[in-house]
Amino acid sequence: MTDAPLDHDYAAAGFNGTLPFGVSPALLIVDVVMAYIDPGSSLYLGPDNALAPLARLADASRAVGAPVIFTNISYAPGGAEGGMFYRKVPALKAFVAGSPLGAFPPGLQPEPGDHVLGKFYPSAFFGTALAPMLSTMGVDTVLIGGYSTSGCVRATALDALCSGFIPYVVSDCCADRDTRPHAANLFDMQAKMAEVVDCDRAISLLDRQRPSAKNRQGTGCQPQTGSQP
């Protein structure tokens with residue numbers, strides 16, 4: 001991802017500490033919707049969209065009883081819910097309620113027992129019930145994948161850390177418009193706010209922990225169409 005001298009420089013300055021994988025993880029799939037997958041969309045990420053490893057990680061999470069949480073975005077016309085974020089990024093008009101670009105892709109859909117959380121801003125934590133929801137489920141570690149690495153994934157990882165959860169960003173389960181911001185943000189997250197692992201490592205950590213399936217019950221959060229809970 002980077003050359004050794006840069007890693008050494010950051011470590012010497014006191015960055016690149018480590019956070020242990022906890023005993024009760026959840027998977028957070030951030031904004032994996034058609035806007036980033038449809039070649040006709042202005043937000044299209046290209047064919048290297050991490051969809052296959054994301055689906056694999058979701059299956060592995062369900063297999064061990066770890067909660068799987070999808071986020072999506074749905075604005076009323078004019079995007080007032082998005083405030084300055086909606087004004088800053090005109091491309092967010094793709095997420096006006098009813099747009100097919102806001103739909104989950106055929107290759108990665110919420111399944112029974114999964115959860116869907118609507119959000120309006122980059123972080124899945126900002127202005128949503130995600131933090132108390134995770135706390136109620138007893139979650140201590142959040143595996144994070146989705147779109148885009150430099151935007152909503154990064155914002156979510158930072159807020160996970162600030163909210164007291166251990167963020168594990170899954171590098172090949174994230175994608176961005178270009179490999180350069182993708183790589184740079186993975187480097188920066190590893191140095192300052194998260195652990196960055198690949199999908200194989202994430203699955204091995206899930207298999208080792210074997211969280212209880214009871215964590216998936218009793219949250220009261222059912223799939224939504226994208227409105228903020």
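Biologist: What share of the contacts between residues at least 6 apart in sequence join residues at least 24 apart?

Modeller: In this chain, 81% of those contacts do. Keep in mind that this is a predicted model.

Biologist: Good to know. And how much of the chain is buried?

Modeller: The chain has 229 residues, and 52% of them count as buried.

Biologist: How many helices and strands am I looking at?

Modeller: The chain has seven helices and six strands. Starting at the N terminus, the elements run α-β-α-β-α-β-α-β-α-β-α-β-α.

Biologist: In what order do the strands sit in the sheet?

Modeller: The order is 3-2-1-4-5-6, in an open sheet of six strands with parallel pairing. At the edges you'll find strand 3 (115-118) and strand 6 (195-197), each of which pairs on one side only.

Biologist: By how many degrees are neighbouring strands turned against each other?

Modeller: On average by 25 degrees, with direction ignored.

Biologist: Could we zoom in on one pair? How many bridges link strand 4 and strand 5?

Modeller: Six bridges, in the parallel sense, between strand 4 (residues 141-147) and strand 5 (residues 166-175). To find one of the bridges, look at Val142, whose partner in strand 5 is Pro167.

Biologist: Which strands does helix 6 touch where it packs on the sheet?

Modeller: Helix 6 touches strand 5 and strand 6. The direction of helix 6 makes about 165 degrees with that of strand 5.

Biologist: Now the helices. How do you describe two packed helices in general?

Modeller: By the angle between their axes and the distance between the axes.

Biologist: OK, so at what angle do helix 5 and helix 6 cross?

Modeller: At roughly 10 degrees, and the axes of helix 5 (residues 149-162) and helix 6 (residues 179-192) come within 10 Å. Angles under 35 degrees count as roughly parallel, and helix 5 and helix 6 are therefore roughly parallel to each other.

Biologist: Which residues meet there?

Modeller: From helix 5, Thr149, Ser150, Val153, Arg154, Ala157 and Leu161 take part. They meet Pro181, His182, Asn185, Leu186, Asp188, Met189 and Lys192 of helix 6. Sorted by class, the contact has six nonpolar, four polar and three charged residues.

Biologist: And how do helix 2 and helix 7 cross?

Modeller: The axes of helix 2 (residues 51-63) and helix 7 (residues 199-209) cross at roughly 5 degrees and come within 10 Å. Helix 2 and helix 7 are therefore roughly parallel to each other as well. On the helix 2 side, the contact is made by Pro53, Arg56, Leu57, Ala60 and Ser61. Helix 7 brings Cys199, Asp200, Ala202, Ile203 and Leu206.

Biologist: What classes do those residues fall into?

Modeller: Seven are nonpolar, one is polar and two are charged.

Biologist: Let me stay with Ser61. Is Ser61 buried or exposed?

Modeller: Ser61, which is found in helix 2, has a relative accessible area of 0% and is buried. Leaving aside neighbours within four places in sequence, Ser61 is in contact with Leu27, Ala66, Val68 and Leu206.

Biologist: Which residues of helix 7 are buried?

Modeller: Cys199, Ala202, Ile203, Leu205 and Leu206 are. They cover an arc of only 160 degrees around the axis, so they are on the same side of helix 7. The buried residues of helix 7 pack against strand 1, helix 2, strand 4, strand 5 and strand 6.

Biologist: Which residues does the cis peptide bond join?

Modeller: Tyr147 and Ser148, with omega at about -20 degrees. Ser148 lies in the loop between strand 4 and helix 5.

Biologist: And what is the phi of Asp31?

Modeller: Asp31 has a positive phi of about 55 degrees, although it is not a glycine. Asp31 lies in the loop between strand 1 (25-30) and helix 2. The cut-off for buried is under 20% relative accessible area, so Asp31 counts as buried at 1%.

Biologist: Where does Ala50 lie?

Modeller: Ala50 lies in the loop between strand 1 and helix 2. Its phi is positive too, near 65 degrees. Ala50 is buried, with a relative accessible area of 7%.

Methods
Residues numbered from 1 in each chain as written. Predicted model: local features only at pLDDT ≥ 70, side-chain atom pairs only at ≥ 80, totals over all residues. Heavy atoms only, no water. Axes fitted to C-alpha atoms, helices over the stretch in contact; angles between N-to-C directions. Helix = DSSP H or I, 4+ residues; strand = E, 2+ residues; numbered from the N terminus. Parallel < 35°, antiparallel > 145°, perpendicular 65-115°, else oblique. Contact = heavy atoms within 4.5 Å. Nonpolar A, V, L, I, M, F, W, Y, C, P; charged D, E, K, R; others polar. Pairing = 2+ DSSP bridges. Buried < 20%, exposed > 50% of the residue type's maximum accessible area, 1.4 Å probe, protein only. Arc of directions from axis to C-beta.
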